[in-house]
Amino acid sequence: MPIETIYRDKNCEWIDVEAPTEDDLKFLHERYEINNLLLEDTMDANHLPKYEKDGNIHFFLLRESTEQERKNLNTISDISTKIGIFIFNETIITVHRMKTKSILQTKKQLSAGKDECSPAKIALYLTLLIMKSFDDESISLLETMDHIENEIFLKNTNHTNQIRRLYRLKRKSGLNSRVLSISTDAIDKFKLLDLQDSEIQDLKDKHKDVVADFDHLNAQITNLIGMFLALSDQKANQVMKVLAIYSVYFLPITFIAGVYGMNFDIMPELHTKHGYFYTLGGMALVVLCTFIYARRKQW
C-alpha cells in the first residue's frame with residue numbers, strides 16, 4: 001500500500017504507511033529526515049515496545065493485539081502486531097505491516113470531525129485503542145477459560161486435549177503480559193507530548209487495568225492447570241483403589257486355589273467327601289472377612 005495522507009489541516013497532518021517497502025522507508029528518511037535505525041525498527045516483526053527521541057522526533061513503537069490464531073505461540077509476533085508512531089512539529093506518521101483496528105477506528109473518528117485534532121491527540125487515541133485491543137483479548141481468553149473450567153468440573157470431562165488448550169491459554173496470556181509490561185516505559189513517555197495531565201492519566205489507568213487483568217488471568221490459568229492435574233491424579237487414584245480392593249479379595253482365595261491345585265496324593269483333604277464344598281466355603285468366608293475389615297477401616 002502506498003504512503004497515504006489520512007488527515008490534514010492547518011495544525012496537523014497524519015501520514016500512514018502500511019506494509020512499507022524499502023523505497024517507502026527511503027522516502028520517509030529523505031523527506032522527513034527520520035533516522036534509518038528508527039525506520040528499521042518498524043520492520044522488525046518481533047521488536048519490543050519502546051520509546052526514543054531523536055532530535056525533535058518522538059518515536060513510539062507499540063504493539064496491538066491481533067485476532068489471528070497461530071499454531072505456534074513462541075514469539076510476541078504470534079499474538080500482536082507492531083505500530084510505529086513518529087511525532088514531530090505538526091506531523092504524525094504511522095508505520096505498520098498489516099491493517100489494524102486502531103488505525104481504522106481513528107480514521108473514522110477523524111472523519112466525524114467533532115474533536116480538535118493534533119499529532120499528540122491522534123497518538124493518544126491510537127494508544128488507547130491499542131490498550132483496548134488487549135482488554136478485548138483478556139475478556140476472550142477469560143471466556144475460553146471459563147468454558148474449559150465448566151467442561152472439567154461440571155461435565156466431568158478429562159480429555160487429554162484439555163491440558164493442551166490450557167497450555168495454549170497460558171502461552172497466549174503470558175505473551176500478552178510480556179508485551180504490556182514492556183510497554184510501561186513507552187506509555188509513561190506520553191507525558192513528554194503536548195497533552196493534558198488528565199488525558200495522560202487516563203492512558204496510564206487503562207494500561208494498569210489491562211496489566212492487572214492479565215495478571216489475574218495468568219493466576220487463574222495456573223490454578224486451573226493445577227486443579228486439572230490434581231483431578232486427573234485423583235481419578236487415577238480411584239482406579240488404583242478399585243484395582244487394589246479386587247486384589248485384596250482375590251489374593252487369599254487365589255492362594256487357596258493354588259494350594260489345592262497341587263497334584264499330590266498325600267494331601268489330608270484330597271479324599272474328603274465334601275472337601276470341594278468346604279474349600280469354596282472357606283474362600284467365601286475369607287472374602288466376607290476381608291469385606292468387613294475394609295468397611296471398618298473405611299477403605
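**Exercise 1. Confidence along the chain**

Find where in the chain confidence is lowest and where it is highest.

*Solution.* 
Step 1. This is a predicted model, so begin with pLDDT, the predictor's confidence in each residue.
Step 2. Confidence is lowest in α8, with a mean of 81. Strand β4 (residues 57-65) has the highest, at 95.
Step 3. The average pLDDT is 86, and 94% of the residues score at least 70.

**Exercise 2. Salt bridges between helices**

How many salt bridges does the whole structure hold? Work through Glu199 with Lys121, then Glu137 with Lys172.

*Solution.* 
Step 1. The search finds 11 salt bridges.
Step 2. Glu199 pairs with Lys121, and their closest N and O atoms are 2.7 Å apart. Glu199 belongs to helix α7 (residues 197-260) and Lys121 to helix α4 (residues 119-153), so this pair ties together parts 78 residues apart in sequence.
Step 3. Glu199 is buried, at 18% relative accessibility. Lys121 is partly exposed, at 27%.
Step 4. Glu137 and Lys172 meet in a salt bridge at 3.5 Å, N to O. This pair links distant parts of the chain, with Glu137 in helix α4 and Lys172 in helix α5 (residues 160-182), 35 residues apart.
Step 5. Glu137 is at 11% and Lys172 at 12%, so Glu137 counts as buried, and so does Lys172.

**Exercise 3. A salt-bridge network**

*Solution.* 
Step 1. Take the pair Lys50 and Glu52. Their closest N and O atoms lie 2.3 Å apart.
Step 2. Lys50 counts as buried, at 16% relative accessibility. Glu52 is partly exposed, at 31%.
Step 3. Follow shared partners. Asp41, Lys50 and Glu52 form one network.

**Exercise 4. The largest pocket**

Give the volume of the largest pocket and describe its lining.

*Solution.* 
Step 1. The largest pocket holds about 320 Å³ of space.
Step 2. It is lined by 18 residues. Closest to its centre are Glu64, Ser65, Glu67, Lys101 and Ser133.
Step 3. Assign the lining to elements. β4, α3 (101-112) and α4 each supply at least two residues.
Step 4. The largest share comes from α4, with six residues.

**Exercise 5. The setting of Leu38**

Is Leu38 buried or exposed, and how far is its C-alpha atom from that of Lys53?

*Solution.* 
Step 1. Leu38 lies in helix α2 (residues 36-41).
Step 2. Its relative accessible area is 3%, so Leu38 is buried.
Step 3. Leu38 and Lys53 are 15 residues apart along the chain. Their C-alpha atoms are separated by 9.8 Å.

Methods
Residues numbered from 1 in each chain as written. Predicted model: local features only at pLDDT ≥ 70, side-chain atom pairs only at ≥ 80, totals over all residues. Heavy atoms only, no water. pLDDT = per-residue confidence, 0-100. Helix = DSSP H or I, 4+ residues; strand = E, 2+ residues; numbered from the N terminus. Salt bridge = Lys/Arg side-chain N within 4 Å of Asp/Glu carboxyl O. Buried < 20%, exposed > 50% of the residue type's maximum accessible area, 1.4 Å probe, protein only. 1 Å grid on protein atoms, 1.4 Å probe; cavity = no way out; pocket = protein on both sides within 12 Å on 5 of 7 lines; lining within 4 Å. Points joined across faces, edges and corners; volume = space filled by probe spheres on them.
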